[in-house]
Amino acid sequence: MVATATKAEDQSQFGQTVIEGKNVTKVFGETVTALEGANFDIRAGEFISLVGPSGCGKSTLLRLVAGLIEKTSGDVKVNDDLVTKPRTDIGMMFQKAVLLDWRTAIENVLLPSEMKHRISQEDKDKAMASLELVGLKGFEFHFPKQLSGGMQQRVALARLIQTGADIMLMDEPFGALDEFTRERLNVELMRIVGELKATTLFVTHNIQEAIYLADRVMVMTPRPGRIAEIIEVEFERPRDISIQTSREFNIIIEQVRDTLGSH
Amino acid sequence: MSYSTSQQTKNISIFKTLPFHLLIFAVLIVIWELTNLYGFEDQIQADMIAPRPTNIFLAMLDIFIIDKTVWKHLISTFQKALLGASIGTAIGMGLAIAATLSLTFRKYIKPWIILMEATPRIAVGPIFVALLGFGLWSAVALAALVAFFGPFVNTFQGLMEVDEEAEEMFRSLGASRFQTFWKLRFASAMELISAGWKLATASAFGGALVAEFIQASEGMGVLIAQYVIMITMDYAFAGLLSVTIFGFILFKIMDYFDYRLIFWKNDYLLLKESEKRRKKAGIV
């Protein structure tokens, strides 16, 4: 495997490399370097946070892994395949829930299945289960307009689960929610990702959130977008919300701030 | 150019203002009646310029109930209007879909659309009559021509205005072009498309009437023109009133259809639809 900024023995609890980036660069137009020379190596079951200010290339990195945009140079591999287009083993979540207003929660969750084949009873059962997993039992037949912002994001998460993908890419999924809702959803997200044993790339500009959720935090800096540092977060799971006030936690926060501040 | 309506907003206030509306209407009718009786030196002249409301009412009774002349003409006009609206809508939507799917097609069709927009479409009427004769089809053609524009513009605009994040979500799900088109773009455009249908119905109705004025064997345009030629102005006004009433009914039907179709814009319908789908799935 490719050597990265982290030590190999720290990753022993995780599986094989599933996402790999080698010297990945993305230039928009002629001059805007959104991401420069990014190297990363993400293992099965790992939760990685990408944190940094606007324009640091974190969303670009996510979209490159998702196959939604094309790299300018370097290589992005998922499960040892070069990424060239959107893949079925990857599921995504965005800042907006992007639900279809004319479909009920369960009909929205069934969308990924519809893309592949005719809806079966099995798909419907799975969608009911996905909705239950995100805490929306009893809301299956509500329309998006009848749900709060937090609940809409839960539907979006259930839709992601429905894809059956074991790699989850999330682009500031709780960024538009209030602080309380965001905190609650973070706790649940950890539980769900743990249950599904999914590999997760989570983009955020909130340092606390990034550290609380992640096994490793990739700190990114702008102009040009770069991975400045990769920090291990060694709290045991399941993690209680109270770790956020601990000394160790705050040391990591300082470390992230230092990296961001020195650029 | 696009058009949409907000329905069901002032249902309550209308009951408060209704008596005043009726009062104003009654006063106007009385003034009109008195003007006919006392405002002219010559009764023939009076009946020509301002036929008495009571006579118009009697004429309405005659054409609807006693002589029943109006029905065949109403049916004929509606037939032309609805056929024209359907054909115009089909062509308008078809061209709009093609224009959104193909950049090349969009580029080549643009000057023609501008040209059509600049042409007063009603002016094409006599040419259609010359080409297609006095019967049904010249009126249908004119109705379709005037109806075409609303659905075209609305469908085009609706399909072009796609939420970029939703499109990215569809791409991440590996949706085909076909799936993205129907499940996302077309469905999101439904609100504007439905408004386009309403526009098409209204303009096709007008188009059919104008075609009948130009030349036709039957229809409300013909009937009104005949009454005017015979200088039976009370009957002409009765004909006009019939067109207004039935046009109003048609537009209300279209409004209701739109209201039910775009159910997710209305909290009450959303609640009902939610219950319906829950029951359909067998979950109570």
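Two strands are taken to pair if DSSP finds at least two bridges between them; helices (H or I, at least four residues) and strands (E, at least two) are DSSP runs numbered from the N terminus. The model is predicted, so that local features need a pLDDT of at least 70 and side-chain atom pairs count only at pLDDT 80 or more, while totals for chains, interfaces and linings use all residues. Residues are numbered from 1 along each chain as its sequence is written, and chains are lettered from A and ligands numbered from 1 in the order in which they are written.

In chain A, strand S6 (90-93) and strand S7 (residues 167-171) pair in the parallel sense over 4 bridges. Within this pairing, Ile167(A) of S7(A) is the bridge partner of Ile90(A). Both strands belong to an open sheet of 6 strands with mixed pairing, ordered S6-S7-S8-S3-S9-S10 in chain A. S6(A) and strand S10 (226-232) of chain A are the edge strands, each pairing on one side only. On average, neighbouring strands of the sheet are turned by 20° against each other, direction ignored (axes are lines fitted to C-alpha atoms, for helices over the stretch in contact, and angles run from 0 to 180 degrees between N-to-C directions).

In chain B, helix H11 (residues 220-229) contains the buried residues Met220(B), Gly221(B), Val222(B), Leu223(B), Ile224(B) and Tyr227(B). A residue is buried if 20 or more other C-beta atoms, placed from the backbone, lie within 10 Å of its own, exposed if 12 or fewer, and partly exposed in between. The cover over the buried residues of H11(B) includes helix H4 (69-101), helix H10 (177-214) and helix H12 (233-261) of chain B. Ile231(B), which follows H11(B), has a positive phi, near 55°.

The contact between the chains takes 21 residues from chain A and 18 residues from chain B, where contact requires C-beta atoms, placed from the backbone, within 7 Å. Helix H3 (residues 111-116) of chain A gives the most to the side of chain A that touches chain B, with 3 residues.

The predictor assigns the complex an ipTM of 0.87 and a pTM of 0.85. Chain A has a mean pLDDT (the predictor's confidence in each residue, from 0 to 100) of 90, with 95% of the residues scoring at least 70. Over residues 1-11 of chain A the pLDDT is below 50, and this stretch has 15 contacts in the model beyond near neighbours in sequence. Where pLDDT is low, the predicted coordinates should not be read in detail.

Conventions:
Two residues are in contact if their C-beta atoms, placed from the backbone, lie within 7 Å.
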